[in-house]
Amino acid sequence: MKIIGIIPARYASSRFPGKPLADIGGKSMIQRVYEQVKGCASLAEVVVATDDQRIEEHVRSFAGNVIMTSTEHESGTDRCAEVVSKINGFDVAINIQGDEPFINPLQIDLLCSLFNDPKTDIGTLIKKIDKQEDLFSENTPKVIVGSEQQALYFSRQTIPFLRGIPNAEWLRKHNFYKHIGVYGYKTAVLQEITRLPISSLEKAEALEQLRWLENGYRIRVAETAYDTVAVDRPEDLETIKRTFF
């Protein structure tokens, strides 16, 4: 099985324009992500997928692999699909967030291991929630998991609802899981799901993975012990500095 890691990176972020080129301790964010991902033993290749010449030139400056993609893509998933349509020979593609500069390579290896089961078409990671602020934050997508380690549903709301139990006691009474937003797909399945129209559940929750569930695709999950720290806004850089420097 041959696996490619793809890091979508676009310049025109509404909350943080030029985010992939932001300096973090003397290296750009995209360089830090790339170097972390290159540490994954499971990946045969790593490539940055961008629609911006500035990012392309920068990635080439540190000898990284990069491919130019369309400016019309709505999501990183669509950008990954274009890459696998241009580069043949890979069985699985891993979609790695370009704004998590210190992603743990072991997380990606764990995700790749899901594809040792030939029945896995799509995979992703989850982590047990241990903080009250994460449990009730709409910025932290939650996931319900079935008995065969498959995702049953994702929501920005807290799921499941614990009837008759005060909110302050929920973490003590039940195991809740948040979604870690890194995906793996069989390359053929990746091409299929990007051709699906936007679904009603996806519109409601603004979570693209609901489109796949709504159309009958099965998403396998693996539980990671590692958290991720994403950079959504310029002020998040201070959190990164406090955590890693």
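The following conversation sets values from this structure against the definitions behind the terms.

Mentor: This is a predicted model, in which local features need pLDDT of at least 70 and side-chain atom pairs count only at pLDDT 80 or more, while totals for chains, interfaces and linings use all residues. Residues are numbered from 1 along each chain as its sequence is written, and side-chain values use heavy atoms, with hydrogens and water left out.

Trainee: What makes up the secondary structure of the chain?

Mentor: The chain has ten helices and eleven strands. These are DSSP runs, numbered from the N terminus: helices are H or I with at least four residues, strands are E with at least two.

Trainee: How do you know whether the radius of gyration agrees with that of a compact globule?

Mentor: The radius is taken over C-alpha atoms, and the globule rule is 2.2 Å times the number of residues to the power 0.38. For 245 residues the rule gives a value near 18 Å; the chain has 18 Å, so the two agree. The C-alpha trace spans about 55 × 40 × 35 Å along its principal axes.

Trainee: Why is Arg220 called buried?

Mentor: Buried means under 20% relative accessible area, exposed means over 50%, and partly exposed lies in between (1.4 Å probe, protein chains only). Arg220 has 17% relative accessibility, and therefore counts as buried. Its place is in strand 11, residues 219-223. Beyond its neighbours within four places in sequence, Arg220 is in contact (heavy atoms within 4.5 Å) with residues including Leu114, Asp117, Glu148 and Gln149. Of the 245 residues of the chain, 51% count as buried.

Trainee: What is meant by a nonpolar core, and which residues of the largest one touch the most other members?

Mentor: A nonpolar core is a set of buried Ala, Val, Leu, Ile, Met, Phe, Trp, Tyr and Cys residues joined through side-chain atoms within 4.5 Å. The largest has 35 residues, of which Ile7, Val37, Leu43, Val48, Ile94, Ile96 and Ile108 touch the most other members. Among the elements that each supply at least two residues are strand 1 (3-9), helix 1 (29-37) and strand 4 (45-50). Helix 1 gives the most, with five residues. Leaving aside neighbours within four places in sequence, Val48 is in contact with residues including Ile7, Ile30 and Val59. A second, separate core of 30 residues includes Ile4, Val83, Ile219 and Val221.

Trainee: How do you know where the buried residues of helix 2 lie around its axis?

Mentor: In helix 2, Ile55, Glu56 and Val59 are buried. The arc is that of the directions from the helix axis to the C-beta atoms. The buried residues fall within an arc of 105 degrees, so they line one face of the helix. An α-helix has 3.6 residues a turn, so residues three or four places apart point the same way. The elements covering the buried residues of helix 2 include strand 1, helix 1, strand 4 and strand 5 (66-68).

Trainee: What kind of aromatic pair do Phe136 and Trp170 form, and why?

Mentor: Rings of Phe, Tyr and Trp (its six-membered ring) pair if their centres lie within 6.5 Å; planes under 30 degrees apart count as stacked, over 60 as edge-to-face and the rest as tilted. Phe136 and Trp170 are 5.5 Å apart centre to centre, with 45 degrees between the planes, and form a tilted pair. Phe136 is partly exposed, because its relative accessible area is 32%, whereas Trp170, at 3%, is buried.

Trainee: Which kind of pair do Tyr185 and Trp212 form?

Mentor: Their planes stand at 75 degrees and their centres are 5.9 Å apart, and the pair is edge-to-face. Tyr185 lies in strand 10 and Trp212 in helix 9 (residues 209-214), 27 residues apart.

Trainee: What makes the phi of Ala63 worth a remark?

Mentor: Most residues other than glycine have a negative phi, and most peptide bonds are trans. The phi of Ala63 is near 65 degrees, a positive value. Ala63 is in the loop between helix 2 and strand 5, and its relative accessible area of 65% means that Ala63 is exposed. As for peptide bonds, a cis bond joins Ile159 and Pro160, with omega about -5 degrees.
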